[in-house]
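Dear colleague,

I am passing on the structure below, together with notes on what turned up when going through it. Please read the notes with the model open beside them.

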Amino acid sequence: MPKAKFFTRDQILEAMSKTKSVKAAARYLNCSYQHLKPFMKALRVDDSDPNSPTLFEVHKNQSGKAIPKFLPN
């Protein structure tokens, strides 16, 4: 069984800056969405403010805006 990967805040922020969704960020970090999600939910935008949104809430893209779907016409 492979060893579990742990991601730093800097790695996650870099993936967020280069991708448009959490799923794409997981692909960028070479892990699964289910593995990355708890890391992103544990980190907040502003660590000193407990009411600030999590990195997951900031980066999720449920509507899929600006992501090509490659659907047939």
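Ser21 touches His59, Asn61 and Ile67, leaving aside residues up to four places away in sequence, where a contact means heavy atoms within 4.5 Å. Ser21 sits in the loop between H1 and H2, and with a relative accessible area of 11% it is buried; buried here means under 20% relative accessible area, exposed over 50%, and partly exposed in between, with a 1.4 Å probe and protein chains only. Helices (H or I, at least four residues) and strands (E, at least two) are DSSP runs, numbered from the N terminus.

Before going further, some words on conventions. This is a predicted model, in which local features need pLDDT of at least 70 and side-chain atom pairs count only at pLDDT 80 or more, while totals for chains, interfaces and linings use all residues. Residues are numbered from 1 along each chain as its sequence is written, and side-chain values use heavy atoms, with hydrogens and water left out.

As to the overall build, the protein chain has four helices and zero strands, and from the N terminus on its elements run α-α-α-α. Its C-alpha atoms fill a box of roughly 50 × 35 × 20 Å, taken along the principal axes. Of the 73 residues in the protein chain, 29% are buried, and among the contacts with a separation of 6 or more, 47% are between residues 24 or more positions apart. The accessible surface of the protein chain, calculated by the Shrake-Rupley method with a 1.4 Å probe and, for residues, with only the protein chains shown counting as cover, comes to about 5,600 Å², of which 55% belongs to carbon and sulfur atoms.

Which residues of H1 are buried? They are Ile12, Ala15 and Met16, and seen down the axis of H1 they fall within an arc of 100°, so they line one face of the helix; the arc is that of the directions from the helix axis to the C-beta atoms. What covers the buried residues of H1 includes H2, H3 and H4, whereas the face turned away from the buried side of H1 carries the exposed residues Asp10, Ser17 and Lys18.

Asp47 lies in the loop between H3 and H4 and Arg9 in helix H1, so the pair ties together parts that are 38 residues apart in sequence. The closest N and O atoms of Asp47 and Arg9 are 3.4 Å apart. Asp47 is exposed, with a relative accessible area of 56%, while Arg9 counts as partly exposed at 24%.

The structure also holds three aromatic pairs, for which rings of Phe, Tyr and Trp (its six-membered ring) must have centres within 6.5 Å, planes under 30 degrees apart counting as stacked, over 60 as edge-to-face and the rest as tilted. One of these pairs is Phe6 with Phe39, edge-to-face at 6.1 Å centre to centre and 80° between the planes. Phe6 lies in the segment before H1 and Phe39 in helix H3, so this pair ties together parts that are 33 residues apart in sequence. Phe6 is exposed, with a relative accessible area of 66%, and Phe6, Phe7 and Phe39 form one aromatic cluster.

Lastly, the backbone. Most residues other than glycine have a negative phi. Asn30, in the loop between H2 and H3, has a positive phi near 60° and is exposed at 59% relative accessible area. Ala66, in the segment after H4, has a positive phi of about 70° although it is not a glycine, and Ala66 is exposed, with a relative accessible area of 59%.

Technical notes
A salt bridge is a side-chain nitrogen of Lys or Arg within 4 Å of a carboxyl oxygen of Asp or Glu.
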